[in-house]
Amino acid sequence: MLFSKNVNPHGLRNPSNSKKGKNLFKKILIANRSEIACRVIRACKEMGICTVAVYSTADSKALHVQTADEAVCIGPPPALQSYLNMEAVIQAAKDTGCEAIHPGYGFLAENPVFNQKVRDAGLVFIGPNPEPMELLGSKVKSRVAMIKAGVPVIPGMKSSSKVLKDFEDTAEKMGYPVLIKASAGGGGKGMRVVHKSEELQSSVEGAMRESKSAFGSDEVYLEKYIESPRHVEFQVAADNSGNAVYLFERECSIQRRHQKIIEEAPSPVMNAELRKKMGETAVKVIQTAKYNNVGTVEFLVDKNLNFYFLEVNARIQVEHPITEMTTGIDLVKLQISIATGEVLPFKQKDLRQSGHSIECRIYAEDPDNNFMPSSGKILFLKEPSGTGVRFDSGIYQGAEIPVFYDPVLAKLIVWGKDREEARSRMIIALKNTVILGVKTSIPFMLKALEHDEYINGNTFTDFIEKNLCNVELHDKSKLRAAFMASALHANLANKSKTISSKNNEIPSPWLSIGKWEIAE
Amino acid sequence: MILNYNNKVYNIELQGKDGSYSLLVDGDKVDFPVNIISDNVFNMQIENKFVNVFATQDENNCYVFIDGDTFTFSKPKEEEKCFSSEGGLSADKEIIKPPMPGCIVKVLVQKEQKVEEGTALIIVEAMKMETSLYSTISGIVTQVNVSAGEQVDSDTVLIVVEKE
């Protein structure tokens, strides 16, 4: 990371790092896995807090299990029986003597029932209170509350429904295209764009199923689909005493399957006036909901720079590092210190955005095959490094990527003095991120970052559809070099195998390649 | 060594020594100056610049990374060689297998049902993403081997469609 985590260029007080903080926890359980669990564990270590990881039997060798001070197995691989098993998670926290639970993102992070159960068990939930979480967790209820407060929203259904006719009526009234969204949703799961009435029924059903399996709720609703918008969100923070600030915006328009893959801060479209207006609206949103702790207020921004409130993510976001890079504030530590009852260590006027940061999410997925998740083993890994380069990882060489969970492997984050420096730094860093054994989105993200429309800041949520749909990802001129490397590797690997093994083994077909030798 | 890339088979042979190697691709000769850094890392000259090329393999594939670009080559399997003569890949019969291990969400067709090209046959979920699998031929469903809720491996035959 560019800034050291405690001293930052803005001279701001970061959340307490010392044990002086009177109520600081001694031990925290992290109810998550992969890179975010590792990220939270790092923050805890810096604060001198002991950590307990939880894991399913598919994750017994996962990185978060290795890095935590203790780890507890909470069930079999399917998430419903492990990472989503509230009783098992809470029991693990009690058994290990934890005082608080950090939920990360996804899984139980935005489940108000879990939130309440944690408190009922006498533990601290590191996140907002259950009431604002419940209000904001329901996209429908939060819409209604925000309309009342005068916050601009997208037109659509006022509540979720299980009656197809309600969807048909609203869609007919507003006209297609429309968007079906999971009320409990996030990350594009349970979300469908519908272009014509014939597709409506199957889309509603599909969205309900996906929502049920991802969030345990089949509530979906429908709203007008705004074409070619930008996705701009504001990081907010509020303490338990009612102080609230915004930590500026992130633009997350580069999405595939409605899931963000490249994010940046600041947004290329932002100006000081709009930033202030949206930031103040974001603060109004969280005050309306009586929200406490760190959160994100999401907006859509249309071509005329009108903005519409989408939802609040009542958790730490995947893309939180780009805000950390541009503000110098450690958001996970801030979450923990707010949960202990500390007041915000800064006021709005103290906050500054500095430079430009970009994040690329590295998923195990196949960009040649409609981003189909890919599972397997990380056979070779080389992490990127350099000035302004941060790699938040959940993997290691030899790690198995199970099929049961979201296939995020790592996040690559860079900081530069301006957008162009950040962009070129990211390109170089991606070219130095070697992950072999599973397919990743790296070649695809490079094409996105090198595209003229990206360079010009024309980043809209349909960027990929419009610009990268038929792009040839692989440079055929490198094919022969790739063959060469394969042949060299096969021969060398084979040679070391023959040296170490006995001669009476059945010769592998690789042995017969022959006709050449390797110089010492 | 035989490698498969984008459904095309390449016959590859390596010759040379002392940091200078030639590659025969289907008998075609190419030269690459190379500095072998390790079993996995090769500093190779490509278009007048030296770059590190990374390679590794498992039982099924060779994996290569060059400057942000990745290539996955599959190695030929014994069974595949026999399979092609069996008619399983012919256009008269379509065998539906999941793209990866996952869970069956919904079976959309029944045995003996007539389907058109493009009909959605089954919905599979893996890593919390639903994927619909479609028929690429028109015909009759002759096999439905799974039901909703079932966990399947990527080599499970889910559904078979045959031309009438």
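**View 1. A:Pro177 in the loop between α7 and β6 of chain A.** This loop joins α7 (164-174) to β6 (178-182); helices (H or I, at least four residues) and strands (E, at least two) are DSSP runs, numbered from the N terminus. The peptide bond from A:Tyr176 to A:Pro177 is cis, with omega near 0 degrees. The model is predicted: local features need pLDDT of at least 70, side-chain atom pairs count only at pLDDT 80 or more, and totals for chains, interfaces and linings use all residues. Residues are numbered from 1 along each chain as its sequence is written, while chains are lettered from A and ligands numbered from 1 in the order in which they are written.

**View 2. The cis peptide bond between A:Ala265 and A:Pro266.** Omega of this bond is about -5 degrees. A:Pro266 belongs to the loop between β11 (259-265) and α9 (272-288) of chain A.

**View 3. A:Phe248 in strand β10 of chain A.** The strand covers residues 244-256. A:Phe248 is not a glycine, yet its phi is positive, at about 70 degrees. A:Phe248 counts as buried, with 23 C-beta neighbours inside 10 Å; a residue is buried if 20 or more other C-beta atoms lie within 10 Å of its own, exposed if 12 or fewer, and partly exposed in between, with C-beta atoms placed from the backbone.

**View 4. B:Asn6 in the loop between β1 and β2 of chain B.** The loop connects β1 (2-5) with β2 (8-17). B:Asn6, a residue other than glycine, has a positive phi near 50 degrees. B:Asn6 is exposed, having 10 other C-beta atoms within 10 Å. Chain B contains 1 helix and 16 strands, and buried residues make up 31% of its 164 residues.
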